[in-house]
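Please find below my notes on the model, as numbered points.

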Amino acid sequence: MAGIYFHYPFCSQACNYCNFHFSTQTKYRQQMQQAMKSELYLRKSELKTPIESIYFGGGSPSLLPASFFHKVIKSVNDCFKLGNDIEITLEANPNDLTLQNLKDLKKSGVNRISIGVQSFHDYELKMMNRIHNSNQGLKAIEWTSKVFDNFSVDLIYGLPKSNISTWAHNLDILTSFNPPHISSYALTVEPKTVLFRQVDKGDIKLLDEEAVQLQYDLLTSRLEKEAYINYEFSNFGKIGFHSVNNSNYWNGKPYLGIGPSAHSYDGHRVRSWNISNNLKYLKSIENGCLSQRKEVLKDHEVFNEYVMIGLRTDGVKIKRINESFGSNYGLYLEKQAKNHLLDRRLFWDGDVLKVSRQARFLSDGIASDLFMLKS
Ligand code: SF4
């Protein structure tokens with residue numbers, strides 16, 4: 001099974017923390033829709049297995065009309081074999097959603113909405129320069145839950161000036177809607193963003209790591225009480241609502257990334273990514289070719305990626321390490337894990353290496369201690 005990701009690289013307003021590829025210009029928006037469809041036909045021989053997930057991300061694909069998704073889903077159907085029960089997700093900004101628009105989206109074939117609410121506090125939304133306000137966030141969830149059974153809400157924790165009670169308030173509101181899926185990420189400061197400059201100049205003060213961890217711990221304990229399964233570090237789903245798109249990515253399934261900056265993976269060793277420049281992308285597609293770079297992953301890179309994802313999801317399977325990379329990798333992993341096992345940050349569940357509940361927040365740091373630097 002495989003997936004297709006569409007990257008629509010336009011937004012109405014730039015969030016101050018965002019380092020994705022996007023433009024706020026209105027130029028090229030029409031051409032981009034056509035070019036993304038053309039890229040699909042150009043690459044129709046690249047995926048051999050049925051498609052079980054289509055994901056419209058960006059940028060802000062919710063700026064596009066429902067008719068666009070209808071046409072693209074039809075094109076995917078022309079080019080590839082679709083699996084049964086395909087998941088078709090649209091990432092949406094709350095201010096782009098109306099009850100009528102949601103009904104049109106459902107008719108177009110989209111069957112899952114991922115709403116970028118981020119916070120229910122207006123001062124936090126302003127600080128992030130989000131385009132929507134908290135009332136629009138509330139309305140978006142209410143309307144989406146009327147039209148779609150399957151939807152997800154994104155919230156950001158660890159925001160400047162937040163504390164455990166402001167975060168608890170966000171979680172109270174979110175859980176009162178009982179969404180089937182929640183994704184929650186810590187605010188990160190990426191280079192070349194407005195936030196980076198604000199922090200650098202001292203205009204914004206970040207929380208210390210301990211305060212961020214407290215918010216993560218509240219997130220996991222609170223959602224566990226509400227019957228969510230924390231199936232990946234930042235992702236929580238009710239039974240039957242774990243994201244197919246995300247799970248495929250973590251399980252190393254192949255996917256095709258369409259649109260400027262979109263990444264693709266062949267399911268084995270080859271990763272590729274489209275050029276992150278809208279005009280150059282449009283020109284190359286117009287000329288019937290792709291402006292793309294490729295890398296072939298080495299053994300130790302695939303191993304490191306598996307360790308990182310394993311610790312964030314259902315554990316690192318030693319049998320799989322030995323079979324895929326050889327027993328020297330298995331022995332290396334056991335040696336590197338020793339101190340973390342002694343400190344009970346890691347534990348063996350049969351032959352699967354897992355992160356203990358209290359060390360979950362530290363998963364990525366622990367994973368980097370287990371990395372192999374080269375094959
Ligand atoms: S809407 Fe999304 S993609 Fe656009 S600037 Fe904000 S975070 Fe980035």
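**Notes on the model**

1. By class, 6 nonpolar, 4 polar and no charged residues form the shell around the ligand. Here Ala, Val, Leu, Ile, Met, Phe, Trp, Tyr, Cys and Pro count as nonpolar, Asp, Glu, Lys and Arg as charged, and the others, Gly among them, as polar. The shell consists of Cys11, Ala14, Cys15, Cys18, Phe20, Phe22, Gly58, Gly59, Ser60 and Asn93, a residue being near a molecule if its C-beta atom, placed from the backbone, lies within 6 Å of it.

2. The model is predicted: local features need pLDDT of at least 70, side-chain atom pairs count only at pLDDT 80 or more, and totals for chains, interfaces and linings use all residues. Residues are numbered from 1 along each chain as its sequence is written.

3. The chain has 14 helices and 15 strands; these are DSSP runs, helices being H or I with at least four residues and strands E with at least two, numbered from the N terminus.

4. The C-alpha atoms of the chain fill a box of roughly 55 × 50 × 45 Å along the principal axes. Of the 375 residues, 38% are buried, that is, with 20 or more other C-beta atoms (placed from the backbone) within 10 Å of their own.

5. The axes of H13 (residues 327-342) and H14 (residues 363-370) come within 8 Å and cross at roughly 135 degrees. Axes are lines fitted to C-alpha atoms over the stretch in contact, with angles from 0 to 180 degrees between N-to-C directions.

How values were computed. A residue is buried if 20 or more other C-beta atoms lie within 10 Å of its own, exposed if 12 or fewer, and partly exposed in between; C-beta atoms are placed from the backbone.
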